[in-house]
Amino acid sequence: MEKAPPNYPSAVNLISISDLCLSHSLCVSGLAAAFWAARSIYYIDLISDPFRTLRHFFVIQAPIVILVFSRFRRDPEQCSYLKAMIRGVLGTFAGALVNALVAIALGAPVGLNYLPKTVYWSLLISSLTFVPAACVFGASWKDWRRLFAHTKPVDLVDYMICVPAHGAIVGSWFGAWPMPLDWERPWQEWPICVSYGTMVGYVAGMLLSFGLTVVKSEKQHLKKD
Amino acid sequence: MDKSDKWRLIWPVMVIMVLHFVAIFLFTRGFLLTRTELPFYSTCSDSASQSPCEGGFNSTTGCWTKPLVQRVVIIVIDALRFDFVAPSTCFQEKKPWMDRLKVLQDLALTQPSRARIFKFIADPPTTTLQRLKGLTTGGLPTFIDVGHSFGAPAIVEDNFVHQLVQNGRKVVMMGDDTWMQLFPHHFEKSYPFPSFNVKDLHTVDNGCIDHLIPLLHHDDWDVLIAHFLGVDHAGHIYGVDSGPMVEKLDQYNGVLERVIGILEDHSGPGGLHENTLLLVLGDHGQTLNGDHGGGTAEEAETSLFAMTFDKVHSARTDPSSSDLHLDKMVCQSSIQQLNFAVTVSALLGIPFPFGSIGTAEPELYALVAGVEGLNRSSFKNCENESDLEEWMKNYATVLCKNSWQVKKYVDVYSAASVDGFSSEDMIHITDEYAQAQQNWSQTVKILQSHDNKNCHTSLPALKGQIDAYSRFLDGVAELARSKWTEFNVKMMGAGLGAMFISLVFHFLSIKRVMDFSPCGASKISLGSVFAFSTVLIRGCSFLSNSYILEEGKVANYLLATSCILQLRYSFKKNMMLSEAVILLLLTLALRFSIEIGLSKQAATSLFMNYYPSWLSWFTGDHPFWTLLSVYMPILALLLVAYLIHKSSFGFTWWGISNYVIKLTILSYMLIVVHTILESNVLGLPPASEYYRRVVIPQTIYALGLGKLLLLAIDAFRREGKVLDCYMSLYRKTVMVLCAWSPTIILLSGSKGSLFALALIISGKCMMRLKIAVEDSKGTSDGLLSSCLSQVTQWNLLAVCLFFATGHWCAFDGLRYGAAFIGFDEFIFARQAALQAIETFGFSHILPILGLPFLVADGNSDQGRPFLLFKKISLAYLILGMISAVTVTFTLMCVSIHRRHLMVWGLFAPKYVFDVVGLIVTDTLICMASIYYVTCGR
C-alpha cells in the first residue's frame, strides 16, 4: 500500500493548540447558535418547519466552516485566503449534489414537495463534510483519498476534517433508521431525523477530534521535551 | 478432482437441506393452522332422508326446521366493541365511548322479552374477511383454508347466504365490499362501497344509510345485510378514545333509532315486518388503539343485539318479568360467533350450512320464540308451561338435526382431509353422539306415551335431551378450536430448535471447507464485518411490523450502503471506479422500482398508506411514456440476447451448447414479437391474438424445457471427457442461465427484460469489483472475507429484485395473471409451477444459478480445479447460510409476535414467503452443487 509521506509546508505544523481549540469550539458553537437563533428569534424548529430551519442552519454554519477552515489551507503560498474560500463555496455545491444523490440512492423521498428540504439538508451536510476538505485541500485528489478512503489522518487538521465528517455521515445513516416505523411522529419525516443524526454525529465527531487533538499535542510536547 | 472429492464438497448441502425441511415442517405444524374446505352443500331433502330426527314429534313445515321468522335485518357494525353496546354499569368506570348506542340499551332494559344484548365472542383471526366467513359458514376459518379457489377469496364452502339463495330467499346487501368478494353472485341487489381507504370514515356508512332506510319499506327482500365500516376506520385512524369515534357512535344511534322506528311501524298484524328479526352485531372488537386481528378479549369480544318484532309472541310473556338482575344478565349472557350461522338458519328454516360446527343458540332461539328460555325458567308450576314445552320440543328437534349435521361434517372432514381429526378424538365424538342419540329415542318414547301433558316427566326429559346434545356439540366445538385456532408452542419450539441445529451444522461445514486447503487465518476485514452486520440488521428488522412492510426499502438501503462502501474501496484502490458507480446507479434504479411495488401494495394493504409523489409524473398518458414502456423492454431484450451471443465468442463450443445458445436467442426474438403484439403498436389484426396469447408463450416454455433436457443429457454424456475446469464451469453456467431466463422474462411481463439486464450488469460489476479486492490481497488469503461480502451483496441484490419486480410478502403480492400466460384453463400443478417460477425467478432462481460467475475467476483458478470448486461450494454454503439465518430470524419474530394483532395480516404471510423461499433456495443450491461441482474428467 502506498503511503503518502506528509510533505507539508512548515507553516501548517505550527498551528497552535489554542488555535485548534478555538476552531473546534467555533464550529460547534455555530450549530448551537443556529439552534438557539431558530428557536428564540424565528420561533421555528426542525419539526415544525424543516425547510426554513435547515436553510437557517446552513446559512449560519457554512460561512463559519469556510472562514475557519480556509485559514488552514494546505498551500498558503500559492493559494490566498480568498481563493480557499472560493474553493469552499464551490465545494459546498459539488458536495451537496453528491450527498443528495447518495441520499436518494439510499431511499430518500423524491418529489417536488421534498425537493427544497433535500436541497438544504444536502447543503448542510455538505458544509459539514465536503467544505472543510475543499477549503484545506482544494482539488488535491491524493489528500481526499487519504482522508475519505484510507481514513488515515496524519496531522491535527486532518483529524479535525476527517473525524467530524465521518461522524456526520454515520450519524445520518443511523438517523434514517426510525423513518419507516409506524409511530406516526412528525419527526420521522424526511429529513428531520436524518438531520438530527447528522448534527449529533457531527458534534460527537468534533468532540472526539478535539480529544484526539489534545492527546496528540501532549504527545508532541512530550517528544519535544 | 475425482468422485470422492466431489462428494466431500456436496454432502453437507444435502444434510442442511434435510435439516431445514424438518425444521420447517415442525414449525409449520405448530404455527400455521390449516383447514380443508369441503365443497359439499346441505340440501333440503338431506334431512328428511338421512337424519334420525324425523319421526319424532312435530312434523316440520319448513325445510329442516320450522321457520320462526320470515325476514331478518342484519346490521353489521365493523369492530363494534362490547362496551360500545353494553351499559356502562357492566364496567368498572364509564368511558366517553360508552352508552352511546342508547336506543339499544333502552330496548334491552325495558323490553327484555323482545330485545336482548349479548356478548358476541369471535374466534381469531379477528379480521373482517375471516370473521364474515366464520359468521356465514359457522366454521372456524384459519389463516390458510386449503381449498379450490386459487387466490380469489370467494367462499366455496356451504354458508347461510348460499342456503338462502338456494331456498329462494332474496338477499340484499349494502356497505363493505368484502361481502362482494366473498359472495360475488349471491345477492339480489347489492350496494357495495370500497372499504380499503381507512382514512375515509363516511363513504361506506352514508351509502349504507341512503339505501337502508328506503329498502326497509320495500317487500322485495327476505334478508337484508348492511355493513357499516366507520367505527373500524375511526379506530384505525384515531383510536377508540377520540372525538370521531364518539361522533360515529352517535350517528349510528340515530340510524338504529330510525331503523327500529320503521320496523316497529310496519310490525302490526299483516304488516311488512310482522315477523321480522333485527340483528345488530359486530364482526370483531378492537383494542383501544383500533387494532384487531389477534385473539385478546378486547379484539374477540363484540356484541350482538337481537330484537324481534313479533307482537303475538312477545305479548304472551309476562311484561313484568323484568327483574332487578336484568342489568347483570345483559352484562353476562354471551353467544359464540361460531353459533351464529346455524342459529340464523334454524330461525329462518333453511338447511344448516354443511361445514357449520356451531350450536343453535338457546337464548336467541328462545327470544325469537317468545319464551323465557332454559336458564331463566323454573319447572315448578306446571300450568302455563305448554308454551315452554312446545318450545323445548322444537328446540330439541333443532338440536337433533344440528348434532346430526355436525356429526356428518366431522365424519366427512376426517375422511376427506389430509390431516383430519385424530382417531382417538373421533372415537370420543362418536361415543358422545351415540349416547345422545340413544337418549333421543327414549325421550321420544316418553313423550309419546305421556301425551297427556304431564309436564313433570316431559320437561325434565326434554331438558336432559337438550343437555346431551349440547354436550356433544360443545365437545366438537372445543376440539375444533384446539385444532384450528390454537398454536402448538411445543412444535414451534422444536422447529426453531431444528433450525438452530442446522445453523450450527452450516457453520461447521463452512469451517470444514475452509480447512480443506489451509490458506492462512483470514483477517477480519471491514467487508466481512459489514456482511455480518447486514445480515443481523436485516434479521432484527423483522421484529417490527413497519420494517416488514417496507422490507424492500430496507434491503435497498442496505444494498446501497454496501455499494457506497464498495465505491469507497474502489476509490481507495483507485481502480474499477466506474463499475462501483454503475452499481450504485443500478441500486438507484431498483429503488424507484421498489417504490412502484410499494405503492401497489399500499392499495390493498390495510396497514399502510404509501404513494411516492414522483409516481404522479408518470401516470400521464403522454405518448412518450407509452413508447418508452414498449421500446425500452425490447431494447433491453435485444441487448441481453446480444450479451449472451457475445459470451459464446472466443470459446470452442460443441454441438449441444451451440444449439442451446441458438434456441435461447430464438426465444428472445419470440419474446420481442410477443411484446410488440401485446403493446399493439403495429395495429395488427386480431387474428394474431391467438399467437400472442397461446402459441408464443407455449413455444418458449417448450424450448426452455427442451434446453434443460439437453443440458441433463449433456451432463451425463460428458462425464468422461477431459476439459479445462474453469471453461467447463463457465460454459455450464451460461447454459443454465440460457435455459431459464426466457421463461422468467416472459412471465415477469414487459419489465422482465429490464431486470434481466440489470442483473447481468450488476453481476458483471460485482465480478470485476471482486477482482479488485483479490488483486490487492492475494488470491487465497482473503478468500472467506471476499466471498462473504460478495455473496452478502449478491443476496441483498436478489432480495431487492424480489421487491422491485412487484412482489411483496403477502398473498395479494402474487401476480396471479402470470400463471395464465400461455394457458387459459387451470391445472393446479402447471399453473402453480408457473406462479412459482414467476415469483422466485429473479430473486432466487437466476441469482443462485448465476453465482459461479461471481466467485470463479479465469485468471487465478485455471488449472486449479479443487480450489475452484472449493470456492463454489463455499459461496453456496455462505449464500445458504445467509438465507437460513434470515429465515431463523423470521421464525423467532413470528414466535414472539404470535399474539400480535397483525400476526395474520403480516407476519404469517411473511413467514410463508420466507419459508417457501428457503425451500426453493435449498433445492436450487443442492441441484446447482451437483451440476457445477464436477469437472468432467
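1. Helices α7(A) and α22(B) are roughly antiparallel to each other, because their axes cross at roughly 160 degrees and angles over 145 degrees count as roughly antiparallel. The model is a predicted one. The two axes come within 12 Å, and the α22 concerned spans residues 551–573 of chain B. In handedness, the crossing of α7(A) past α22(B) is left-handed.

2. The residues at this contact between chains can be listed. From α7(A) come A:His166, A:Trp173 and A:Phe174; on the α22(B) side they meet B:Tyr557, B:Leu558, B:Thr561 and B:Arg568. By class, the contact of α7(A) with α22(B) holds 4 nonpolar residues, 2 polar and 1 charged.

3. Within chain A, helix α2 (residues 17–40) packs against α3(A) at an angle of about 160 degrees, and the axes lie 9 Å apart. That angle makes α2(A) roughly antiparallel to α3(A). The crossing of α2(A) past α3(A) is right-handed.

4. On α2(A), the contact with α3(A) involves A:Ser23, A:Leu26, A:Cys27, A:Gly30, A:Leu31, A:Ala34, A:Phe35, A:Ala37 and A:Ala38. The α3(A) side supplies A:Thr53, A:His56, A:Phe57, A:Ile60, A:Gln61, A:Ile64, A:Val68 and A:Phe69. The contact of α2(A) with α3(A) has 12 nonpolar and 5 polar residues, and no charged ones.

5. Turning to charged pairs, the search over all chains returns 27 salt bridges. One of them joins A:Arg74 to A:Asp155, with the closest N and O atoms 3.1 Å apart. A:Arg74 sits in the loop between α3 (50–70) and α4 (81–106) of chain A, and A:Asp155 in the loop between α6 (141–148) and α7 (156–175) of chain A, so this pair ties together parts that are 81 residues apart in sequence. Are the two partners buried or exposed? A:Arg74 is buried, at 8% relative accessible area, and A:Asp155 is buried as well, at 12%.

6. In chain B, B:Asp205 and B:Lys248 form a salt bridge through their side chains, at 2.8 Å from N to O. B:Asp205 belongs to helix α8 (residues 203–215) of chain B and B:Lys248 to helix α10 (residues 243–265) of chain B, so the pair ties together parts that are 43 residues apart in sequence. B:Asp205 counts as buried, with 0% relative accessibility; B:Lys248 also counts as buried, at 1%.

7. Another salt bridge in chain B links B:Asp914 with B:Lys910, where the closest N and O atoms are 2.9 Å apart. Here both partners lie in helix α34 (residues 903–932) of chain B; they are separated by about one helical turn, because they are 4 residues apart in that helix. B:Asp914 and B:Lys910 are both buried. Elsewhere, in chain A, salt bridges that share partners join A:Arg74, A:Asp143, A:Arg146, A:Asp155 and A:Asp158 into one network.

8. Some totals for chain B follow. Its secondary structure comes to 34 helices and 10 strands. Of the 937 residues in chain B, 58% are buried. Among contacts in chain B with a separation of 6 or more, 79% are between residues 24 or more positions apart.

How values were computed. Residues numbered from 1 in each chain as written. Chains lettered and ligands numbered in written order. Predicted model: local features only at pLDDT ≥ 70, side-chain atom pairs only at ≥ 80, totals over all residues. Heavy atoms only, no water. Salt bridge = Lys/Arg side-chain N within 4 Å of Asp/Glu carboxyl O. Helix = DSSP H or I, 4+ residues; strand = E, 2+ residues; numbered from the N terminus. Buried < 20%, exposed > 50% of the residue type's maximum accessible area, 1.4 Å probe, protein only. Axes fitted to C-alpha atoms, helices over the stretch in contact; angles between N-to-C directions. Parallel < 35°, antiparallel > 145°, perpendicular 65-115°, else oblique. Left-handed = near helix turned anticlockwise from the far one by under 90°. Contact = heavy atoms within 4.5 Å. Nonpolar A, V, L, I, M, F, W, Y, C, P; charged D, E, K, R; others polar.
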